[in-house]
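Please look over the sequence and the model shown here before reading on.

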Amino acid sequence: MHKFGRMLVLVPKGQAPEVSVLHNQISSRLQSTQAASQEKPKKEKNMSKKAVHSKSFVQNVFRGIIEPEQVFPYPNVLDADQRETLEMLVPMGERVFGEVNDPLLNDKLGEVPEETTQQLRELGAFGMQVPEELGGVGLTNTQYGRMTEIVGMNDLGLGIFIGAHQSIGFKGILLVGTPEQKEQYLPELASGEKFAAFALTEPGAGSDAGSVKTNAKLSSDGKHWILNGAKIWISNGGIAEVFTVFAKTPVLDEATGTTTEKVTAFIVERSFGGVTNGPPENKMGIKCSNTAEVYFDNTPIPVENVLGVRVGDGDLCTELLALVLAPQHDHVHGEDVVFLVRLEEESGPVHITEHLADPFDVRVLLFFLRQRFDSETS
Ligand SMILES: Cc1cc2nc3c(=O)[nH]c(=O)nc-3n(C[C@H](O)[C@H](O)[C@H](O)COP(=O)(O)OP(=O)(O)OC[C@H]3O[C@@H](n4cnc5c(N)ncnc54)[C@H](O)[C@@H]3O)c2cc1C
């Protein structure tokens, strides 16, 4: 131990510093203290400057202001009514999923028991985005997203059951169906009286949706499309009464006089005839969601059941995807600030991958996507 003035310095035995070194250190400290006291008026001057508006959370804490925008990245996009609806639905959903639904039992049974399904019907879980006048709850994408978080946290298999029904099964009817199609199908689907499925995938057509082999030909009297083909891995395939089916149809190009095969989407009821399905696939998880092959054997579809308006518009599913992705693209390249930086500056592959590995970040990104989609489509 060495003592210099009021300073005690502890050094290991045999490593005592030269007195001159310590003297230098002390004197340089004294000099910097003197410089600091000279800077004081300058600092005070700076402090008296008018504060520049900043959204920085930390900077504002030093000004005695809480500026939450960049720390809580969820924008307040719901109006008072929508917020109130959600505040009422969230605890109801948490009760049904936390107390009534039993994910382990569902997994063991390979299906969702009728008692749970009935509670879900009463909650309105089968028609969350269907307008109220057609028997649904009329939620926005933002509200719907919040509710699906509750489902996903509790039981992903059940999430696929109700998600395949409304997020894809009848989503086409909801988004691009004619007023008559909406009137005819949405009330019984929204109530959960009937279930819906989305039938696109085939053994040779997955990501490449345009290469489906299922086909539909117009009957000689022009009143029906006759559907033939097989679909695989269809969620709710064994329990659905209503299917959105994608099939190739001949389409005449009046300008050139040539006929080409284009994908058309149809609303197909099991009751039309010729609709059968295979046994539920034996999956490693999400077992209570029914996944099955679905076959169409000369199934007659009334011509008014072409989804939307035109034959050959079946690529609307990819157009809808583009519609969903466009706001996300704008979001990334726009002025929105998430994770305290503009996303465009963060969009290098490594940063994006890091964000996608973080559940909180994914939640924030999805939240932004949903609210953007709401604002673009309202
Ligand atoms: C549990 C479950 C439920 C399902 N439910 C439904 C349903 O309800 N309705 C329905 O229609 N389908 C359903 N599917 C099918 C699902 O949508 C398809 O699996 C999906 O479309 C991918 O098709 P695929 O499996 O043929 O893979 P492929 O298209 O063969 O792709 C295999 C891999 O190659 C990659 N890939 C493909 N093309 C390219 C490319 N051009 N460039 C780079 N990479 C590429 C893909 O990203 C993927 O990683 C379900 C599947 C499962 C497992």
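What follows is a walk through the structure, from the whole chain to single positions.

The model is a predicted one, and its protein chain comes to 13 helices and 11 strands. Of the 378 residues of that chain, 29% count as buried. Among the contacts between residues at least 6 apart in sequence, 68% join residues that are at least 24 apart.

In soluble globular proteins, nonpolar side chains tend to be buried together. The largest nonpolar core of this model holds 56 residues, and the members that touch the most other members are A199, L227 and F266. This core lies between domain 1 (80-189) and domain 2 (196-315), because both domains give residues to it.

When neighbours within four places in sequence are left aside, F266 is in contact with A216, W225, L227, V245, A247, I301, N305, V306 and L307. A247, one of those partners, is found in strand 6 (residues 242-253). Why does A247 count as buried? It has 27 other C-beta atoms within 10 Å, and a residue is taken as buried when that number is 20 or more. With the same exclusion of neighbours within four places, the contacts of A247 are V212, T214, N215, A216, L227, G229, T264 and F266. The C-alpha atoms of A247 and V263 are separated by 5.4 Å, although these residues are 16 apart along the chain.

Among the helices, helix 3 (residues 80-100) can be followed from end to end: its 21 residues reach 30 Å from the first C-alpha to the last, close to the 30 Å expected at 1.5 Å a residue. Its buried residues are L89, G93 and F97, and these pack against helix 5 (114-123) and helix 6 (141-154). In helix 9 (residues 179-190) lies Q184, which counts as partly exposed because it has 16 C-beta neighbours inside 10 Å. Q184 and L134 are 50 residues apart in sequence, while the distance between their C-alpha atoms is 9.5 Å.

Which residues surround the ligand? They are A164, A197, F198, A199, L200, T201, G206, S207, W233, I234, S235 and T291. The elements that give two or more residues to this shell are strand 3 (196-199) and strand 5 (224-235). By residue class, the shell divides into 7 nonpolar and 5 polar residues, with no charged ones. A199 belongs to this shell, and it is also named among the core members that touch the most others.

The backbone deserves a last look. Most residues other than glycine have a negative phi. W233, a member of the ligand shell, has a positive phi near 55° and is not a glycine. This residue has its place in strand 5, and it is partly exposed, with 17 other C-beta atoms within 10 Å. I286 likewise has a positive phi, of about 35°, without being a glycine. Its place is in the loop between strand 8 (275-277) and strand 9 (291-302), and it counts as partly exposed because it has 18 C-beta neighbours inside 10 Å.

Key. Residues are numbered from 1 along each chain as its sequence is written. This is a predicted model: local features need pLDDT of at least 70, side-chain atom pairs count only at pLDDT 80 or more; totals for chains, interfaces and linings use all residues. A residue is near a molecule or strand if its C-beta atom, placed from the backbone, lies within 6 Å of it. Helices (H or I, at least four residues) and strands (E, at least two) are DSSP runs, numbered from the N terminus. Ala, Val, Leu, Ile, Met, Phe, Trp, Tyr, Cys and Pro count as nonpolar, Asp, Glu, Lys and Arg as charged, and the others, Gly among them, as polar. A nonpolar core is a set of buried Ala, Val, Leu, Ile, Met, Phe, Trp, Tyr and Cys residues joined through C-beta atoms within 7 Å. A residue is buried if 20 or more other C-beta atoms lie within 10 Å of its own, exposed if 12 or fewer, and partly exposed in between; C-beta atoms are placed from the backbone. Domain bounds come from an automatic or database domain assignment. Two residues are in contact if their C-beta atoms, placed from the backbone, lie within 7 Å. The expected span of a helix is 1.5 Å times one less than its number of residues.
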